[in-house]
Structures are given as C-alpha cells and as structure tokens.
Amino acid sequence: MPIEKGPPRNGDLPVLEEGEEIKFSETQTRLYTHQHCEGEGTLHLTNKRVVWMGGPGCAIDYPFITLHAVSRDKNAWPDPCLYCQLRGEESAGDEDDDGPGIPELRFVPAKPENLQQMFMVFSEMSALNPDPNEEEEDDSEEDEDLLAAMMAPPESQPELGVMWNADVNDEAMEDADEDADDVQM
C-alpha cells in the first residue's frame with residue numbers, strides 16, 4: 001500500500017512489518033500537505049517506509065515518493081524542511097495542467113539542526129526501496145553492444161575515417177618549429 005492513513009500503533013511507535021526496522025526518529029515534526037499543517041508528531045524513517053505518528057498518522061512507501069530534498073529557502077517555505085513530492089495519479093492521455101498538481105509534503109522538525117541527518121537516512125532508505133513498477137532505463141543492452149564492438153576483431157570494426165598522418169602532413173608542423181625558434185631568442 002503506497003499511502004496508509006492511520007497506520008497501526010504500538011504506543012508512540014508504529015507497528016512494524018516483518019523485517020522492518022526504525023532507522024531514524026525525529027520527535028516534534030510538523031507535517032504539511034501542500035500548505036495545510038496536519039499537526040505535530042514523530043517522524044520515523046524505517047527501512048521500508050516513512051511513518052509519521054501525529055494526529056491519525058500516515059505511512060508512505062518509499063517508491064511512492066518521487067523526490068525528496070532539504071529546503072532552507074525562506075522564500076519557498078518559512079522553516080527548514082524535508083520537502084517531498086509524491087507520485088500523482090496518472091490518467092491516460094490526460095496531460096492538462098488543470099489537474100490538482102503534484103502532491104507535496106513537508107516534514108518540518110522542531111530542531112532544524114537534525115534536518116541533514118534526517119535527509120541522509122531518508123536517502124539511504126529510499127535507495128534500498130526502488131519503485132518495482134518503474135522500468136529502469138535499460139542501459140545494459142547498450143553496454144553489451146559497446147562491449148561487443150570493442151571486443152570484435154579489427155577487420156570487423158567500422159573505419160574511423162581519414163586521420164591525420166605526420167608523414168603526409170609534414171608541412172603542418174613547419175610553423176611550430178619556426179615559432180619555437182622565435183621564443184628562444
């Protein structure tokens with residue numbers, strides 16, 4: 001489930017799934033959805049999902065978060081925060097900009113000095129949880145073609161074209177010798 005509202009709790013902690021571990025927690029973290037403050041709670045970054053335990057709380061699988069960044073620009077947001085964009089619902093053939101836009105979240109810790117560590121753990125956990133539905137750019141086929149071309153015998157490789165040859169183009173270097181003599185004087 002990409003987003004779960006009101007995830008099960010064990011006191012102040014989320015109920016963890018099998019194999020799930022909390023890697024970072026930050027108390028007194030406000031959650032904003034777009035411009036609306038959802039409240040203050042504890043942000044838990046696990047090895048499988050982001051869990052915010054404030055109000056009813058929410059849990060978000062990392063692959064559903066398409067972008068995350070630290071924002072300290074007061075023109076963009078009044079407080080330093082961890083900015084996240086969520087994957088929006090894509091409708092086939094509907095690419096109008098009239099829709100609701102990209103879902104955005106901001107996690108604003110009471111202690112901004114913890115923001116960098118929050119971002120680092122978030123990045124590590126996100127990297128461990130790639131989107132299973134997203135097709136990775138298949139560079140492996142291109143890499144295999146390049147490797148095969150490099151390993152092919154010279155006679156099967158394409159010619160590179162006309163190349164400069166010192167014996168044929170000897171006159172091109174005459175000025176260089178003359179210029180060198182001028183510099184020594």
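Does Asp131 count as buried or exposed, and at what relative accessibility? In this predicted model, Asp131 counts as buried, at 18% relative accessibility, and the views below place this residue and others in the salt bridges they form, of which a search of the whole structure finds 5.

**View 1. Salt bridge between Arg87 and Asp131.** The closest N and O atoms of Arg87 and Asp131 are 2.3 Å apart. The pair links distant parts of the chain, 44 residues apart, with Arg87 in the loop between strands E9 and E10 (104-109) and Asp131 in the loop between helix H1 (115-127) and helix H2 (139-151). Whereas Asp131 falls in the buried class, Arg87 is partly exposed, with a relative accessible area of 23%.

**View 2. Salt bridge between Arg49 and Glu20.** The side chains of these residues meet at 2.7 Å, N to O, and they join distant parts of the chain, since Arg49 belongs to strand E6 (residues 49-53) and Glu20 to the loop between strand E3 (13-14) and strand E4 (22-33), 29 residues apart. Arg49 is buried, with a relative accessible area of 3%, and Glu20 is buried as well, with a value of 6%. Glu4 also belongs to this view, as Glu4, Glu20 and Arg49 are linked in a network of salt bridges.

**View 3. Salt bridge between Asp79 and Arg30.** Here the side chains meet at 2.8 Å, N to O. Asp79 lies in the loop between strand E8 (65-71) and strand E9 (81-86) and Arg30 in strand E4, so the contact ties together parts 49 residues apart in sequence. Asp79 is partly exposed, with a relative accessible area of 30%, and Arg30 is partly exposed, with one of 22%.

Note on methods: Residues are numbered from 1 along each chain as its sequence is written. This is a predicted model: local features need pLDDT of at least 70, side-chain atom pairs count only at pLDDT 80 or more; totals for chains, interfaces and linings use all residues. Side-chain values use heavy atoms; hydrogens and water are left out. A salt bridge is a side-chain nitrogen of Lys or Arg within 4 Å of a carboxyl oxygen of Asp or Glu. Helices (H or I, at least four residues) and strands (E, at least two) are DSSP runs, numbered from the N terminus. Buried means under 20% relative accessible area, exposed over 50%, partly exposed in between (1.4 Å probe, protein chains only).
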